[in-house]
Amino acid sequence: MGALQKVLVVDDGHRAVDRALSAELAELGYASVTASLEAADDVLAMMPRPAAVLLHVPPRDTGGAFRMMSERLREQMRGAGIPVIEVDAAGQQTGAPIDLQSRIGTRVLNEPEF
């Protein structure tokens, strides 16, 4: 059985219990690394191959920095088949963990880490 691949979570640095995507991912059996928007590129450079990148967009994305990073990462990750998913903090509802699992896919649990 291979090791779980990591999911990169990019957020605004405010990790309140009710907004923690890492906790939701852990409940689903995913390993995750959480980084701030400013550190995301450096963390990505050190990760072998993330299974997915989740951008936890704050309610006030001043200047659209998260949206711009999302577009750039989608272009960058498209060839490798790595999903880049925006999670809108204001729009989260009950059942969000199931939605995350369906959007990331079961491949995270099945593929070995290289």
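Asp-11 touches Thr-34, Ala-35, Ser-36, Leu-37, His-56 and Phe-66, leaving aside residues up to four places away in sequence. Asp-11 is found in strand E1, and with a relative accessible area of 4% it is buried. The model described here is predicted. Its protein chain has 114 residues, of which 39% count as buried.

**The chain as a whole**

- Among contacts in the protein chain with a separation of 6 or more, 76% are between residues 24 or more positions apart.

- E1 and E2 are joined by 6 bridges and pair in the parallel sense.
- Strand E1 (residues 6–11) is joined to E3 by 4 bridges, and these two strands also run parallel.
- Val-10 has a place in both pairings: it stands opposite Ala-35 in E2 and opposite Leu-55 in E3.
- E3 and strand E4 (residues 84–88) run parallel and are joined by 5 bridges.
- Val-53 has Val-84 in E4 as its bridge partner.
- Between E3 and E4 the chain passes through helix H3 (residues 65–78), and this β-α-β crossover is right-handed.

**Strand E3**

- Strand E3 (residues 52–57) is largely enclosed by the rest of the structure, because 6 of its 6 residues are buried.
- Ala-52, Leu-54 and His-56 point one way from E3, while Val-53, Leu-55 and Val-57 point the other way.
- The residues pointing each way from E3 are all buried.
- His-56, one of these E3 residues, is also among the residues that Asp-11 touches.

**Salt bridges: Asp-41 and Arg-72**

- The structure holds 4 salt bridges, and three of them are described in the points that follow.
- Side chains of opposite charge can pair when their charged atoms come close.
- Asp-41 and Arg-72 meet through their side chains in a salt bridge, at 3.0 Å from N to O.
- This pair links distant parts of the chain, since Asp-41 is in helix H2 (residues 40–46) and Arg-72 is in helix H3, 31 residues apart.
- Asp-41 counts as partly exposed, at 38% relative accessibility.
- Arg-72 is also partly exposed, with a relative accessible area of 37%.

- Glu-86 forms a salt bridge with Arg-67, and the closest N and O atoms are 2.0 Å apart.
- Because Glu-86 lies in strand E4 and Arg-67 in helix H3, this pair ties together parts that are 19 residues apart in sequence.
- Glu-86 also forms a salt bridge with Arg-74, where the closest N and O atoms are 3.5 Å apart.
- Arg-74 lies in helix H3 and Glu-86 in strand E4, so this second pair ties together parts that are 12 residues apart in sequence.
- Salt bridges with shared partners join Arg-67, Arg-74 and Glu-86 into one network.
- At 19% relative accessibility Glu-86 counts as buried, because buried means under 20%.
- Arg-67, at 35% relative accessibility, counts as partly exposed.
- Arg-74 is partly exposed too, with a relative accessible area of 32%.

How values were computed: Residues are numbered from 1 along each chain as its sequence is written. This is a predicted model: local features need pLDDT of at least 70, side-chain atom pairs count only at pLDDT 80 or more; totals for chains, interfaces and linings use all residues. Side-chain values use heavy atoms; hydrogens and water are left out. Buried means under 20% relative accessible area, exposed over 50%, partly exposed in between (1.4 Å probe, protein chains only). Contact means heavy atoms within 4.5 Å. Two strands pair if DSSP finds at least two bridges between them. A crossover is right-handed if, with the strands pointing away from the viewer, the path from the first strand over the helix to the second runs clockwise.
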